[in-house]
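Here is a friendly briefing to read alongside the coordinates. Have the viewer open, and the points below can be followed one topic at a time.

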Amino acid sequence: MKITFDWLQDHLKTNFKEKHLLEQLTNIGLEVESVGSLSADNETFKIAKIIKTEKHPNADRLKICDVDVGEKEFKKVVCGAANAREGLITIYAPPGSTIPKTKTKLVVAKIRGVTSYGMLCSESELNLSDESDGITELSNKFKKSIGKNFFSKSKSNLIDLSITPNRPDCLGFRGIARDLAASGFGKLLELKEKKIKSSTKQTLKVKINKEKNQGCTAFGSCLITNVKNTESPQWLKNKLISVGQKPISAIVDITNYVMLDINRPLHAYDADRIEKGIIVRNSNSGEKFSALDNKEYKLEKDMCVISDQKGVLGLGGIIGGTRSATELDTKNILLESAYFKPRSIRNTSKKLNLDTDAKFRFERGIDPSSIEVGLNKAGLLIQEICGGEISKIDIQKIETHKVQIVKFDTNLFEKISGFKISAKEMIKILGDLGFKCKKEKKYLRLTVPSWRPDISQEIDIVEELVRISGFDKIKIIAPIKERTKSTLTQTQKLFHFLQRAIASKGYLEAITWSFTNPNYNDYFKETNKEIKIINPISSELGVLRNSIFSNLIMYISKNLDRGFKDLSIFEIGPVFFGSSPGEQTTVVCGLSAGKKSRLSWIDKERNIDVFDVKRDVVQTLIEAGYNSDKFFIDDKTPNYYHPGKSGRIFLNKDNDQVAAYFGEIHPNILKKIDIKTDTLIGFEIFFENLKFSKKTLNDQKSKFTTSDFQKSERDFAFLVNKDVKAQDLINAISSVDQKLVSNIKVFDVYEGENIPDNQKSIAINLTIQSSEKTLEDSDLEKINKLIIETVVNKTGAKIRS
Amino acid sequence: MSNLKKIRNEFILKLKGKLDLTEINQIKSDLFGKSGLISSQFKKIGTIVESERKKFASDLNLIKDELQDLINLKTDEVENAEINKKLDKEKIDITLPERPFVRGKIHPVSQTIDEISSIFSEIGFSVEEGPDVENEYNNFTALNTPDNHPARDMHDTFYLDEKKQKLLRTHTSPVQIRTMLKDKPPFKIIAPGRTYRSDSDQTHAPMFHQVEGLHIDKNINMGHLKGCLNYLIKEFFEVDKIKMRFRPSHFPFTEPSAEVDIGYEIKDGKIIIGEGNQWLEILGCGMVHPNVLKNVKVDPIKFQGYAFGIGIDRLAMLKYGINDLRAFFDCDYRWLNHFGFDPLDVPTNYRGLSR
């Protein structure tokens with residue numbers, strides 16, 4: 001809602017300055033979004049006189065004018081208007097001023113080689129009218145005003161208010177003035193309401209069909225005959241211009257003026273184009289209608305239309321039609337002032353995707369009692385400006401507005417707000433806001449004003465009282481520092497732990513959209529179904545992600561394009577497997593690209609490999625408290641991993657939920673994405689598949705035992721078939737005697753010369769130590785033998801040495 | 001001169017000369033070996049006449065000790081000289097770079113969430129979460145924003161089905177609903193998380209982060225709300241005093257509702273919170289609407305309290321001087337490195353939020 005202090009003073013008597021106004025508006029909940037410098041700009045436009053014109057040396061249609069702008073020296077202005085002539089009084093815009101229509105700022109500029117200091121303006125450029133043919137011509141009456149400001153009347157700034165949807169009454173100057181007055185900012189002026197005095201009847205018959213879902217409950221109208229539609233008088237034009245509206249014609253301007261002034265939307269029809277009376281009814285499916293926005297709308301069933309015998313004239317409360325629109329030559333008009341139900345308005349406008357000023361107001365709720373006020377005010381103005389005869393007001397109603405009563409317990413105020421005001425004060429505030437108050441013991445019996453559709457219960461009254469008394473009266477109550485429940489759950493603690501554990505391995509944490517590019521998503525979605533967003537901001541962000549990889553890989557690719565070669569990033573966040581609430585799971589997903597020890601003077605550089613990333617994952621899981629002795633790893637991974645260089649981790653062999661995947665990203669995907677890197681290794685840890693113990697750190701620590709008896713290290717080299725996994729060997733060895741055998745390490749894997757083609761050699765080092773005694777050579781020999789036997793039996797290995 | 005003295009003088013002279021380790025060992029063996037000069041003297045003790053035996057033994061021991069010490073000293077000297085000689089050869093250029101390391105970072109949004117959680121932990125709030133995909137009811141209707149309410153226009157919503165029943169939550173407020181349906185009052189929670197709106201420009205991202213706060217008990221009023229937010233802002237910005245302004249506003253799920261501004265000024269291109277005459281909107285709040293309480297089966301006569309919603313990204317921007325919201329989600333390596341936090345910098349109550 002755009003307002004000026006000037007206009008506001010039609011309704012409000014106050015001694016305060018605009019600076020205070022801005023503060024007060026914000027204090028009572030009418031937030032000032034911006035303060036426009038319209039008036040400052042306006043003050044730059046000067047009444048000026050062309051003293052001399054001469055032809056531009058380099059352009060046939062341009063003239064160089066010497067312009068008297070009330071200063072010592074004349075200004076040289078290059079002008080292309082045909083009507084620029086010596087002696088013409090017009091409007092001059094100096095360099096630095098902003099042209100209202102185009103919002104362009106003028107600068108001193110050379111036009112075809114001649115310097116022009118400012119510009120002479122057309123009416124259209126000044127938003128005075130649509131007249132763009134030639135510069136503004138002012139009458140000789142302005143002769144004495146040369147050098148003075150043209151827009152001398154508007155001294156106030158354009159203030160843009162953000163009116164919350166619960167306050168339709170503040171979509172008009174009157175409502176804003178009322179709120180300000182209630183808050184002590186001045187006195188609300190009483191309106192001297194003039195009423196239409198007429199003896200002629202409104203002869204066009206109006207009927208509101210009583211049908212289900214009828215969106216119109218009341219339709220007031222009057223006929224004004226023999227008008228001469230014209231341009232609006234200057235005061236009216238100025239008013240509209242001052243709030244950024246473009247004057248059109250007197251009739252349209254007047255309806256707009258009344259709408260802005262008291263939030264009462266009106267519509268003027270060309271009465272001669274209405275075929276035998278008005279019928280307000282529900283639309284039929286498929287009905288067509290040409291609206292004033294020059295678009296044709298195909299209506300659905302049950303939209304509220306204003307129609308006549310021939311068809312739809314307008315969408316009630318939303319937009320009028322071209323067929324019955326008023327023109328400059330319109331003689332007889334029917335002026336409509338109606339009440340439309342917010343719900344109906346909203347339904348229709350949503351379906352047709354149509355947004356108008358009237359719609360905006362009606363969907364928030366127009367004062368149902370303003371029908372007559374609006375007709376009186378607008379009707380009389382039209383008559384005054386356009387002449388003609390006016391009929392009596394006709395009002396058709398199928399429902400009457402129910403007066404809202406709220407029984408307000410005055411104690412509730414302090415209970416909610418934490419501070420006190422007297423009942424007397426409450427009555428004063430509410431009275432100023434238009435409530436009728438009756439005191440009944442500890443209650444106030446309140447009649448809610450008809451312009452406040454937002455008020456229906458006690459808490460609404462508390463809000464009014466707090467708002468007007470001022471939020472600064474609320475006293476701070478310091479919070480009590482006391483904890484009765486732990487801040488984080490086990491799950492949340494684990495989330496934070498994993499997040500920081502991964503970051504501590506050299507990964508940068510990223511946060512990317514929860515949605516992603518469907519093309520990228522396809523690479524990683526496996527058997528998940530695609531979850532489309534119906535209204536994405538772009539098709540490239542059209543689906544919810546089934547995996548974090550799609551985004552990470554895209555962004556890592558962007559970073560590689562920026563010239564970074566060695567990158568590790570990760571994200572912890574949701575991935576989705578369905579479109580219902582809860583069909584999501586949390587994943588820690590990371591990617592590493594590039595080399596280790598690139599350009600190092602000391603170490604040999606090499607590509608990052610699967611075992612680097614495996615270490616990051618395994619170390620993180622161990623740090624998070626999982627026992628790596630129980631981990632079970634195999635090579636069954638989703639298709640987006642390299643089939644030979646990827647694995648999955650289970651926390652133990654009997655667990656059927658995957659704790660993590662890790663591996664090289666499939667080369668096909670790299671090729672398709674065209675990602676420029678030596679290597680790209682990824683991992684995913686499935687947060688919700690991790691079983692976390694309910695034990696505290698204290699409980700987790702088992703009894704501390706060590707052995708000081710002599711220990712002995714042994715090396716073994718086994719020859720096994722290539723498909724035998726190191727894990728099988730280690731498991732076999734650790735099954736021998738966990739009390740004696742520990743620290744099992746693979747220290748060499750060898751294939752090639754001296755080894756049969758389908759076999760490999762795995763060398764293992766381990767420690768044998770007893771916690772009870774120093775082992776004799778014979779004991780050690782026994783264990784050695786047992787280890788070899790077990791490995792041979794379980795894996796088919798042969799001992800090499 | 002006795003034989004003993006002769007041996008002593010001879011070997012002291014020898015040991016004063018320039019010797020290497022082999023030569024020292026030779027001397028050692030000459031003196032203390034099985035048939036070494038000193039060793040043989042010891043064997044003689046028994047043959048000495050009783051009257052002189054004591055003195056002889058005492059003299060012999062003194063000389064033995066003296067020579068022994070001298071040998072040890074000489075050995076040390078020679079060994080040290082050899083080590084020093086070796087060290088001279090082992091000199092490296094210590095200014096050469098260390099082995100490369102990589103440093104991970106925590107995203108500023110995550111850090112900010114941890115900071116906020118830490119602050120609220122102190123005053124007894126616990127952390128709740130809810131799903132990113134919500135149903136229409138939890139996101140709007142239960143929050144007193146029925147279908148066809150113009151307030152819905154304030155939220156540009158991403159929908160997942162044509163019927164508009166499933167959507168990406170536009171705020172964290174549905175977590176209020178879930179929490180209150182699940183448990184019984186009192187409630188004292190915060191709910192940080194991702195939120196989504198279908199607009200995208202310089203100052204809006206289609207995804208951003210909010211933290212919801214909810215405190216419902218028997219007598220929680222607007223004074224508590226003010227106190228809580230005052231505490232939060234002071235703690236978060238780590239300043240002693242702040243300027244805070246409550247402005248009346250409207251949210252369907254709270255009444256009375258307010259937007260909160262904090263005072264700031266720009267000094268040397270940096271934003272200073274708590275001083276100056278400019279106001280910056282940072283959050284929306286209010287007393288939970290009785291309709292909302294009724295929707296979650298909490299008796300609004302018995303229970304009341306406040307709720308608030310804060311933009312986490314916005315807070316992070318203010319605290320850490322980040323200009324562009326879009327950059328949060330752009331994943332630029334340089335940005336993540338610059339604005340990210342060391343994973344060891346965990347905000348805690350006892351240590352403070354930041355270093």
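How many bridges join strand 4 of chain A to strand 5 of chain A? There are 6 bridges, and these two strands run antiparallel. Please keep in mind that this is a predicted model, with an ipTM of 0.88 and a pTM of 0.85.

**Confidence**

- For chain B, the mean pLDDT comes to 91, and 99% of the residues of chain B reach 70 or more.

**Strand 4 of chain A and its partners**

- Strand 4 covers residues 46–55 of chain A, and strand 5 covers residues 63–68.
- Within this pairing, A:Ile50 stands opposite A:Val67 of strand 5.
- Strand 4 of chain A also pairs with strand 7 (residues 89–93) through 4 bridges, again in an antiparallel arrangement.
- Here A:Lys49 has A:Ile89 in strand 7 as its bridge partner.

**The sheet of 3 strands in chain A**

- An open sheet in chain A is built from 3 strands in the order 1-11-3, with antiparallel pairing.
- Strand 1 (2–3) and strand 3 (31–36) of chain A are at the edges and have a single partner strand each, so one side of each has no neighbour in the sheet.
- Strand 3 of chain A is joined by 5 bridges to strand 11 (residues 158–162), and the two run antiparallel.
- One pair to look up is A:Ser34, which stands opposite A:Asp160 of strand 11.
- Helix 2 (residues 18–27) of chain A packs on this sheet, where it touches strand 3 and strand 11. The direction of helix 2 makes about 150° with that of strand 3 of chain A.

**The sheet of 7 strands in chain A**

- Another open sheet in chain A has 7 strands with mixed pairing, in the order 28-32-33-39-38-37-36.
- Its edge strands are strand 28 (508–509) and strand 36 (632–634) of chain A, each pairing on one side only.
- Helix 15 (residues 549–561) of chain A packs on the sheet and touches strand 32 (567–576), strand 33 (584–593) and strand 39. The direction of helix 15 makes about 25° with that of strand 33 of chain A.
- Strand 38 (residues 660–665) and strand 39 (residues 680–686) of chain A run antiparallel and are joined by 5 bridges.
- In this pairing, A:Ala660 stands opposite A:Ile685 of strand 39.

**Helix 6 against helix 9 in chain A**

- Helix 6 (residues 250–262) and helix 9 (residues 371–386) of chain A pack at an angle of about 145°, and their axes are 10 Å apart.
- The crossing of helix 6 of chain A past helix 9 of chain A is right-handed.
- On the helix 6 side, the residues include A:Ile251, A:Ile254 and A:Val258; on the helix 9 side, they include A:Lys377, A:Leu381 and A:Ile385.
- By class, the residues of this contact between helix 6 and helix 9 of chain A are 11 nonpolar, 2 polar and 1 charged.

**Chain A meets chain B**

- At the interface, 81 residues of chain A are in contact with 68 residues of chain B.
- Helix 12 (residues 458–469) of chain A gives the most to the chain A side, with 6 residues.

Note on methods. Residues numbered from 1 in each chain as written. Chains lettered and ligands numbered in written order. Predicted model: local features only at pLDDT ≥ 70, side-chain atom pairs only at ≥ 80, totals over all residues. Contact = placed C-beta atoms within 7 Å. Axes fitted to C-alpha atoms, helices over the stretch in contact; angles between N-to-C directions. Left-handed = near helix turned anticlockwise from the far one by under 90°. Nonpolar A, V, L, I, M, F, W, Y, C, P; charged D, E, K, R; others polar. Pairing = 2+ DSSP bridges. pLDDT = per-residue confidence, 0-100.
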